[in-house]
Amino acid sequence: MDDPRPETLPSFEDTADFDDADRGFVAALVPGVVKAADGRTVWDNDAYGFLDGECPDTAHPSLWRQGRLCSRQGLYEVTEGIYQVRGLDMSNMTLVEGERGVVVVDPLISVETAAAALALYREYRGERPVTGVIYTHSHGDHFGGVRGVLPHGTEEGVPVLAPAGFLEHAVSENVYAGNAMSRRATFMYGMGLPKGPRGQIGTGLGQGGSTGTISLIPPTADITRTGQEETVDGVRIVFQLTPGTEAPAEMNFLFPDHRALCLAENATHNMHNVLTLRGAVVRDSRIWAHYLDEAIEYFHGRYDVGFASHHWPTWGHDAVVRFLGEQRDLYAYLHDQTLRLLNEGHTGPEIAELIQLPPALEKAWHARGYYGSLSHNSKAVYQRYLGWYDGNPAHLWEHPPAALARRYVDLAGGPAAALARARGYAEEGDLRFAATLLNHLVFADPEDAAAKEALAGVYERLGFGAENATWRNFYLRGAQELREGVVLDVVDLTNPEMARALTVPMLIDSLAVRIDGPRAWDDDLTLDLVLTDGPSGPGAPGGAVTRRLTLSRGALTHRELSGPPRTPAGLTLTLDKERLLGLLAGRDPAELGVGVDGDPALLARLFSYVTTPDPGFPVVTP
């Protein structure tokens, strides 16, 4: 049986969100399409024009409503001197007018969309130079387009502010598990799905992500404490650090002279993710609620509008306090009730069935699960505290999916019998178990065309009924891949500018996670890197440092040497960070001008163990 609990929805007669989403409208980009220099379309908001129609039976009406709100596009005035460009990427770009120019907050995902957003602003507000940049947090949709507002050669003297820890988290999230995360993101965001009533209708947080050039300018100033005040181009800003909430490094901040509060991505018009379906470190919903509560008190009485890095603003001090209070209680309730049920002995999947929001939150549109969901968020809280294992010995050493699937199909009486039973469950409306059974059939024999088509049909029905946009996209992408095979549409996050932002230890870590351990089991080598431009690269404090790399027992480890080594390395390379990047890209040490002392064959031996991950690995088949 499907979930027997009646669904409680807010009133569709409530149009307050539509009024707020339209408030302050100045002009739209016409057409709402952004292209790269080569003519490739990297963003097309006009493709969502179908959302102006009535909700069809292939979409959840609540998600359709959210799509209509998120698809609004253009330049909007938030309050005097503060503007937002919305609908030109998944995130918003905010522009705060200063004495000489404009301070840009969160320059979108892609260089191309950021440039288009800035051009739209300038068309109506004048050719103001960019005099400052603020990154609210460490996710790519809030910094990737920065070169669109500060092209190469224009950043000199322009402050770039970010919360402490920003650079480490911004880059590491896209590197260490980047290949798997990017592959899964194509499902989460519905990349490759047609835009339309039977396909992708948004992500809940925005309509989708642009696919242009990703860039990164490292911050020039860190925000290290709550209460820190900075002035950029005459604009006063008061900061609240909120680490470990929606991102590991994040901050809210107040523009006191504008009486406007920026809430970053800590309070948006949906339930957010405690753990994204693309994968990430599990977020702390307890501390998330704490920082929202702190914001209510810390900034009380000092603002008349609250706005965020996604969605539309909320006007009126009391309305913002109510909004923040409900968002606070949403994450606190999720955390505390999961822990209560966990301590009563329930497992993650059981808690996901038992937990239910109080009516006051169920009836708040901004607490609906369009992006995160109560189901997978409660499992994430369980995972944060107890991990993958539920304590049942039967689950301690199960067979992997394909081997387990073959045994289930055999138990069911063979493929034909299992397929017939699965179709029966689907006809009865038990789509969840039909998907489970059909998934076993596909994993037992990925060439079984009838099973794949039956599973695709079930995924399609589950997607059409999902209120959560990312669930819908996963189901529909799964159906598409079963029918059409793997489509390589992963966004490349490993561009040169991202690589340059990595510290030297992070570069070596990114190499270590690609070592083929079994092939390197019996090798043992030591290599010293003498870095002439300091421990992290240009501009780092201190002189040359030596970092020792050791490959032993299949593991590559490294450390900075504080004095003369006890034993000599088999190979010592003297170089700067730029030459190290060249080596890692496969260039010859002699060509780069790297100093070589020892056996140069050791470098080739080390690189021979480095693997290149497949960006198109299967997800819905073994």
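Tutor: A residue counts as buried when its relative accessible area is under 20%, as exposed when over 50%, and as partly exposed in between, using a 1.4 Å probe and protein chains only. This is a predicted model, in which local features need pLDDT of at least 70, side-chain atom pairs count only at pLDDT 80 or more, and totals for chains, interfaces and linings use all residues. Residues are numbered from 1 along each chain as its sequence is written, while side-chain values use heavy atoms, with hydrogens and water left out.

Student: Is D106 buried or exposed?

Tutor: D106 is found in the loop between β7 (102-105) and α3, where helices (H or I, at least four residues) and strands (E, at least two) are DSSP runs numbered from the N terminus. Although D106 is not a glycine, its phi is positive, at about 60°, and most residues other than glycine have a negative phi. Because its relative accessibility is 1%, D106 counts as buried.

Student: What is the omega of the cis peptide bond from V30 to P31?

Tutor: P31 lies in the loop between β1 (25-27) and β2 (33-35). Most peptide bonds are trans. The bond from V30 to P31, however, is cis, with omega near -10°.

Student: How far apart in space are M271 and A435, C-alpha to C-alpha?

Tutor: M271 belongs to the loop between β14 (260-262) and α6 (285-298), and it is buried because its relative accessible area is 3%. Contact means heavy atoms within 4.5 Å, and beyond the neighbours within four places in sequence M271 is in contact with residues including L330, Y331, L357 and N377. A435 is 164 residues from M271 in sequence, and the C-alpha to C-alpha separation is 26 Å.

Student: How many residues apart in sequence are the parts that E97 and R128 tie together?

Tutor: A salt bridge is a side-chain nitrogen of Lys or Arg within 4 Å of a carboxyl oxygen of Asp or Glu, and the structure holds 28 of them. One of these joins the side chains of E97 and R128, with 3.7 Å from N to O. E97 lies in strand β6 (residues 93-97) and R128 in the loop between α3 (111-125) and β8 (130-134), so the pair ties together parts whose separation in sequence, in residues, is 31.

Student: Which helix holds E453, the salt-bridge partner of R483?

Tutor: The side chains of R483 and E453 meet at 3.0 Å, N to O. R483 is partly exposed at 39% relative accessibility, and E453 is partly exposed too, at 40%. R483 lies in helix α15 (residues 469-484), so the pair ties together parts 30 residues apart in sequence, and the helix that holds E453 (residues 449-464) is α14.

Student: At roughly what angle do the axes of helix α11 and helix α13 cross?

Tutor: Axes are lines fitted to C-alpha atoms, for helices over the stretch in contact, and angles run from 0 to 180 degrees between N-to-C directions. Residues of α11, among them P401 and Y408, meet residues of α13, including H440 and F443. The axes of α11 (residues 401-411) and α13 (residues 431-444) come within 8 Å, and they cross at roughly 110°.

Student: Which residue in β12 is the bridge partner of E230?

Tutor: Strand β11 (residues 229-232) and strand β12 (residues 235-241) run antiparallel and are joined by 4 bridges. Their hairpin has 2 residues between the strands, and D233 takes a positive phi near 50° there. In β12, the bridge partner of E230 is I237.

Key
Two strands pair if DSSP finds at least two bridges between them.
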